[in-house]
Amino acid sequence: MAANVETMFYTRETPWHGLGTKVANSPTSQDALRLAGLDWKVLQEPIYTENGEKIEGFKANVRDSDRRVLGVVTDRYKIIQNEEAFAFTDSLLGEGVRYETAGSLMGGRKVWLLAHMPHEYIISGERISPYLVFSNTHDGSGAVRVALTPIRVVCSNTLNLALATAKRSWSMVHTGNIKDRLKEAGDTLFLAGKYMESLGKEFERLRMKKLTDRQAMDYIEILLPSEDGATPQQARNMARLQEDMKARYFEAPDLQDVGKNAYRFINAVSDFATHAQPLRKTANYRETLFSKTVEGNPLIDKAYQMVSAA
């Protein structure tokens with residue numbers, strides 16, 4: 001298990017992020033809560049100095065299962081329990097929602113769930129499955145975030161482009177009336193539908209932008225540049241990454257019928273960003289890869305901006 005993953009599950013085949021413990025079928029929210037090791041609550045308790053003096057204005061977020069202190073927060077901080085996150089997704093997506101993965105990072109300080117949304121889309125003749133990611137922190141370090149991540153079914157590539165025409169994610173801070181804010185998040189489904197519609201239009205536009213082989217290779221060298229002053233080993237490493245991305249553009253079997261265009265290029269970059277092995281695999285490599293389902297992948301976004309501007 002990777003260094004920062006405390007507990008996690010996944011269904012069926014090993015997912016693109018490679019994290020978790022396999023279970024046979026997509027569980028219900030109650031089962032998912034247990035399988036993910038998230039069946040605990042966060043309590044807020046007062047903080048005292050060594051002399052027993054209460055520290056005003058702050059509280060400790062404490063996990064009830066093992067009394068672990070997850071973080072120190074202000075009095076204004078409102079807890080969103082793990083079971084509330086699953087209840088939110090249940091109500092949003094309705095009966096039959098499929099939880100693909102869920103888990104805890106950094107000793108419970110960060111948690112997430114990923115659910116398969118009820119509809120698939122055929123975009124440019126390909127099956128695109130949208131997934132909903134709900135992430136939350138219990139240590140006061142971040143907001144609640146809900147994001148849409150479309151996955152190209154044939155190869156499990158993430159296609160979470162940062163479109164100017166539609167939002168892909170929504171967030172809220174842990175203050176104010178949390179219950180009302182979660183109800184407002186029901187607009188997520190509307191936003192998801194709008195995003196997928198905009199994504200479909202953008203894919204069609206990208207298909208119409210033809211690329212020469214030279215253009216594709218130039219773009220790859222811009223995305224994975226050989227730096228001035230690089231050592232011979234660094235130059236060889238970057239050349240290896242460039243060859244990897246070129247192979248994904250020119251040779252990938254699932255792209256042979258797509259044509260040589262900007263859409264194919266984005267898919268090749270996405271395939272590289274989602275599946276390529278890094279030169280150095282850090283202890284948190286898998287967690288970082290998964291977090292980009294929420295935050296977005298800078299490499300994919302740069303490629304998209306580059307081909308869009310051409």
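This is a predicted model: local features need pLDDT of at least 70, side-chain atom pairs count only at pLDDT 80 or more; totals for chains, interfaces and linings use all residues.

Student: What sort of aromatic pair do Y249 and F265 form?
Tutor: Theirs is an edge-to-face pair, with 6.0 Å from centre to centre and 65° between the planes. The pair links distant parts of the chain, since Y249 belongs to helix α6, residues 232-250, while F265 sits in helix α7, and the two are 16 residues apart.

Student: Why do you give both a distance and an angle?
Tutor: A pair of aromatic rings is described by the distance of the centres and the angle of the planes.

Student: How many aromatic pairs are there in the structure?
Tutor: The structure holds four aromatic pairs, and ring pairs join Y219, Y249, F250 and F265 into a cluster.

Student: What else is F265 in contact with?
Tutor: If we leave aside its neighbours within four places in sequence, the contacts of F265 include L211, A216, Y219, I220 and L223, and also Y249, A303, M306 and V307.

Student: Which residues touch the most other members of the largest nonpolar core?
Tutor: That core has 66 residues, and those touching the most other members are L161, L223 and F265. Helix α7, residues 262-275, supplies the largest share of the core, with eight residues.

Student: Zooming out for a second, how many helices and strands does the protein have?
Tutor: The secondary structure comes to nine helices and twelve strands. Of the 310 residues in the protein, 49% are buried, and the accessible surface is about 15000 Å², with 51% of it belonging to carbon and sulfur atoms.

Student: What share of the contacts comes from residues 24 or more positions apart?
Tutor: Counting the contacts with a separation of 6 or more, residues 24 or more positions apart account for 62%.

Student: Changing topic to the strands: what is the order in the open sheet of three strands?
Tutor: The order is β3-β4-β5, and the pairing is antiparallel. The strands β3 (42-48) and β5 (69-74) stand at the edges with a single partner strand each, so one side of each is left without a neighbour in the sheet. From one strand to the next, the twist averages 35°.

Student: How many bridges join β3 to β4?
Tutor: Six bridges join β3 to β4, which covers residues 54-63. As for individual partners, P46 is bridged to K59 in β4, and L43 has V62 as its bridge partner in β4. In the hairpin of these strands, with five residues between them, G52 takes a positive phi near 85°.

Student: And what stands opposite V62 in β5?
Tutor: V69 in β5 stands opposite V62, and β4 is joined to β5 by five bridges, again in the antiparallel sense. The hairpin of β4 and β5 has five residues between the strands, and R67 in the turn has a positive phi of about 65°.

Student: Which strand does L70 lie in?
Tutor: L70 lies in strand β5, and at 3% relative accessibility it counts as buried. The C-alpha atoms of L70 and L43 are separated by 9.9 Å, although the residues are 27 apart along the chain.

Student: What is L70 in contact with, away from its sequence neighbours?
Tutor: Beyond neighbours within four places in sequence, L70 is in contact with W40, V42, N61, R63, G107, G108, R109, H138 and D139.

Student: Last one: how many residues of β6 are buried?
Tutor: Strand β6, residues 98-105, is mostly covered, with seven of its eight residues buried. β6 pairs with strand β7, residues 110-116, over seven bridges in the antiparallel sense, and T101 stands opposite L114 in β7. Four residues lie between the strands in the hairpin of β6 and β7, where M106 takes a positive phi near 50°.

Note on methods
Residues are numbered from 1 along each chain as its sequence is written. Side-chain values use heavy atoms; hydrogens and water are left out. Two strands pair if DSSP finds at least two bridges between them. Axes are lines fitted to C-alpha atoms, for helices over the stretch in contact, and angles run from 0 to 180 degrees between N-to-C directions. A nonpolar core is a set of buried Ala, Val, Leu, Ile, Met, Phe, Trp, Tyr and Cys residues joined through side-chain atoms within 4.5 Å. Buried means under 20% relative accessible area, exposed over 50%, partly exposed in between (1.4 Å probe, protein chains only). Contact means heavy atoms within 4.5 Å. Accessible areas come from the Shrake-Rupley method with a 1.4 Å probe; for residues, only the protein chains shown count as cover. Rings of Phe, Tyr and Trp (its six-membered ring) pair if their centres lie within 6.5 Å; planes under 30 degrees apart count as stacked, over 60 as edge-to-face and the rest as tilted.
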